Amino acid sequence: MRAYLQKYTSAAPLAVFRAIFGLMLAISTGRFVALGWVKELYINPRFFFPFYGFEFVRPLGEWTYLLFAICGISALLVAIGWHYRMASVALFLSFTYIEFIDKSTYLNHYYFVSLLCFMLLFLPANTLFSIDSRQNQALRAGQIPAWCLDSIRLIVCMLYFYAGIAKLNSDWLLEALPMKIWLPAKNDTLLIGTLFNHLETAYIFSWIGCIYDLSVGFLLWNGRTRPFAYASVVVFHLLTSLLFPIGMFPYIMIVTALVFFPAEFHQKIIDRAGRLLALPAETIKPIAPYRFPAWLQPIVYAVFALFFVFQITFPFRYLLYSDELFWTEEGYRFSWRVMLMEKAGYTQFTVTDATGRRQVVNNNDFLTHLQEKMMSTQPDMILQYAHMLRDHYAARGFTRPHVYVDSYVALNGRTGKPLIAPDVDLAQQTDSFRHKSWITPFDNEIKGL
Amino acid sequence: MKKYIALVLTLVFLGCSSGSDKPDPQPTDEGKDRSVMLKALAENVIIPSYDQFKTKFDLMSAKSKAFTAKPDSQTLTEFRSAWTDAYVAWQRVELFDFGPAEKQIIRNFFNIYPASEAGIAANITDPTSSLEVPASYPTQGFPALDYLINGLGANDTSILAHYTTDKDAAKKLAYITRVIARMDSLLGKVISDWKGEYLNTFISKTGLDIGSSTSLMVNGSVLHYERYIRSGKFGIPSGAMASGIPAPEKVEAFYKKDISKTLAQTAHKAYVDFFNGRHAVTGQAGPGLKNYLDALGAKDSGTGKLLTESINAQFQTAAAKLDVLKPNLYEEVKTNNQAMKDTYTEMQKAVRMLKVDMTSAMSITITYTDNDGD
């Protein structure tokens, strides 16, 4: 371990990663604003679903635009490596804050971006090919500790591998669900569309998807398999972007996978870009090795060790819950479960009180489409919404209101059934990490991990 | 070895993503071909239904002209009877609330009830008032005609007096003509769209994303079942929804009263027929949502029962509740409201299946806003 920590490698791959990653994020942020999503997702809604334990993250109203401006500008600063440390802190905080405002917008790839930003906070990604290194001679370095680059590679591998593990279940492998449902929806795609009508295709996609996820990280790491692996990354992600509405994620993964390429590849990119931008040679090819300040080094080691222990164990927390993960979603998020199930739901809430008042709630009075759709299948969000309704009606003359929900949820083609016990007063339940006893048992089995 | 595995993986992957060497669509594919479904629904169900409605509408229009030319007991009776037939036929097209009908928002101008008596009176006084703004919805269409020919007086003599001896008689007759002319013009636009440009658009937009024909059709028709059959005809009058207070005056055809059950039955049956792809003229089942779902193999994984069987069974259960109601739903709300609520409850179960099981099996997103219940 000690020997590994002292191993050095070229700083070029990390620097290129920093530049491309920052640029992609700046583009993503711009795209988000341009599509009007800031208003739609973070300003218009009446109610938000904060994460458990992060209720202090509140929506900022019109100031959300400022938050996005900070996020976009700091992403650009990270890309060009100017005031890098400050910019990376700002990027991590602003991006994560946005991500935590509302659960209904949760996406694994936002979480992934947050994690990468967090790692970049500590890593020496600006020691060359950056404005900082041009201005500050002391900063320039051509060699960085190998673990710095490897940790980025490792988190990429983990993302794929865990996504693969999540697919090792009977619905995915034995029933080809949800592929069986999703593919025929695309049977009008040019040329390949009719393939999607065949059950065999759904099985092939499911199995290949699973094997791909489990293996691609290792194949990228290995020099001999890398070109093939990278080609498959490109094909795989382009195909998924053609078939499924998953936004920027495929492109982010395609460029992120470049970190596996050898130093010479990245140095070439830097050389070429450097010539184009007329950068001085000493910021393109510095020689010195980078050293963490002595006081910082142990802290960084500790942070990264904890970080990876957390990353390895956290996705398995679902094992602590008894019922089916896909049904209760207890331990579902932050675990690289990507495009894994087809789940749809319908909820109708009734608020009553002891004095005989009764109101059947129209969800669209309180929630956006997206929020309603997400809430209808996720018990923790149903509870949050029930509490919101309780408080809303208590303020409008109901005495100690009771909130009941008539829910109906279909999972991977199974006929719908109630997700929540209809006779439980949700107004009196509290959220916690404990199992939610008012979730109706799944009484079906999805075998596997 | 690793290199070999990677090569194989990559090739298999490329192979399955770009292979076009498969044979042409097999017969099993046809059920999954949305253009086949869309074409059949347009040509066998939607357009002939509009034609049938148009025939009834034209008859009503002719009878209204006879009435306005010579208002007497006979022309009134004939106008009324033609109005009933047309209103019933309307129930068989109201559900096509997508494409041309959605563009013209024809439902809002044809069948928003209860009618606004004050609004109608104001429009009679002012013949230049707008019939295009949202506030004017309850002053026109079938509910307004209902009021004008069934609700102006306690009996035929007093109704006829409004059109003969009343000082505003001419204005009232003119308003009938105006309302019918407006309906005629909207209906003409919807039908000519369906028979023209839109038919091709409808058949060719085969995707399932927002804005595709199937998505618009499923959203429009499920919304119709939920809001205009379940809520409008049962949930709201019976008070099964929202705060629970019955509102019998909100039944459909409030002034005529004894046809409200027939209207509801027709609307419900029209929906079931549409779901099963039944030809509007022959009644023969054909390509439609049922066939498509069956071709997708949508069934409950536990029992193996086809989803469409479950949905049709639920439709039947709801229809059975509806069938035993008395013809006058206004009276039912006042004297037998539990039966109204029971009908609502069974329809509610069908709504869940349509909104959750059906759309999930089809990979369609429900995009409409549910703004009923208040």
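Student: Which domains does the domain assignment give for chain B?
Tutor: In this predicted model, chain B is assigned a domain 1 covering 32-204 and a domain 2 covering 207-374.

Student: You mentioned H3(B). At what angle does H3(B) pack with H11(B)?
Tutor: H3(B) and helix H11 (residues 197-204) of chain B pack at about 150°, and their axes are 8 Å apart. From H3(B), the contact uses Ser35(B), Leu38(B), Lys39(B) and Ala42(B), while H11(B) brings Leu199(B), Phe202(B) and Ile203(B). By class, that contact has 5 nonpolar, 1 polar and 1 charged residues.

Student: Let's switch to chain A. How many helices and strands does chain A have?
Tutor: Chain A has 19 helices and 5 strands. Its C-alpha trace spans about 80 × 50 × 45 Å along the principal axes.

Student: What radius of gyration does chain A have, next to a compact globule?
Tutor: Chain A has 24 Å, which agrees with the value near 22 Å that a compact globule of 449 residues would have.

Student: Where do the domains of chain A run?
Tutor: The assignment gives domain 1 as 2-317 and domain 2 as 342-428 in chain A. Between these two domains of chain A, 13 residues of domain 1 are in contact with 13 residues of domain 2. The domain 1 side of that contact has 8 nonpolar, 2 polar and 3 charged residues.

Student: Now some helix pairs. How do H2(A) and H4(A) cross?
Tutor: Helix H2 (residues 12-34) and helix H4 (residues 64-80) of chain A cross at roughly 155°, and their axes come within 7 Å. H2(A) and H4(A) are therefore roughly antiparallel to each other, since angles over 145 degrees count that way. The crossing of H2(A) and H4(A) is left-handed.

Student: Which residues meet in that pair?
Tutor: Among them, Gly22(A), Leu23(A), Ala26(A) and Phe32(A) in H2(A) meet residues of H4(A) including Phe68(A), Cys71(A), Gly72(A) and Leu76(A). By class, the contact of H2(A) with H4(A) has 12 nonpolar, 4 polar and 1 charged residues.

Student: What about H11(A) and H12(A), at what angle do they pack?
Tutor: Helix H11 (residues 199-221) and helix H12 (residues 226-243) of chain A pack at about 135°, with axes 8 Å apart. That angle makes H11(A) oblique to H12(A). The crossing of H11(A) and H12(A) is left-handed.

Student: Who makes that contact?
Tutor: H11(A) contributes Tyr212(A), Val216(A), Leu219(A) and Leu220(A), and residues from H12(A) include Arg226(A), Tyr230(A) and Phe236(A). The contact of H11(A) with H12(A) has 8 nonpolar, 1 polar and 1 charged residues.

Student: Last topic, the backbone. Which residues does a cis peptide bond join in chain A?
Tutor: Leu177(A) and Pro178(A), with omega about 5°. Pro178(A) lies in the loop between helix H9 (170-174) and helix H10 (179-182) of chain A.

Student: And in chain B, where is Pro114(B) found?
Tutor: Pro114(B) is in the loop between helix H6 (106-110) and helix H7 (117-125) of chain B. The peptide bond from Tyr113(B) to Pro114(B) is cis, with omega near 0°.

Student: What is phi of Phe334(A) near?
Tutor: Phi of Phe334(A) is near 55°, a positive value in a residue other than glycine. Most residues other than glycine have a negative phi.

Conventions: Residues numbered from 1 in each chain as written. Chains lettered and ligands numbered in written order. Predicted model: local features only at pLDDT ≥ 70, side-chain atom pairs only at ≥ 80, totals over all residues. Axes fitted to C-alpha atoms, helices over the stretch in contact; angles between N-to-C directions. Helix = DSSP H or I, 4+ residues; strand = E, 2+ residues; numbered from the N terminus. Parallel < 35°, antiparallel > 145°, perpendicular 65-115°, else oblique. Left-handed = near helix turned anticlockwise from the far one by under 90°. Contact = placed C-beta atoms within 7 Å. Nonpolar A, V, L, I, M, F, W, Y, C, P; charged D, E, K, R; others polar. Domains from an automatic or database assignment. Rg over C-alpha atoms; globule rule 2.2 N^0.38 Å.
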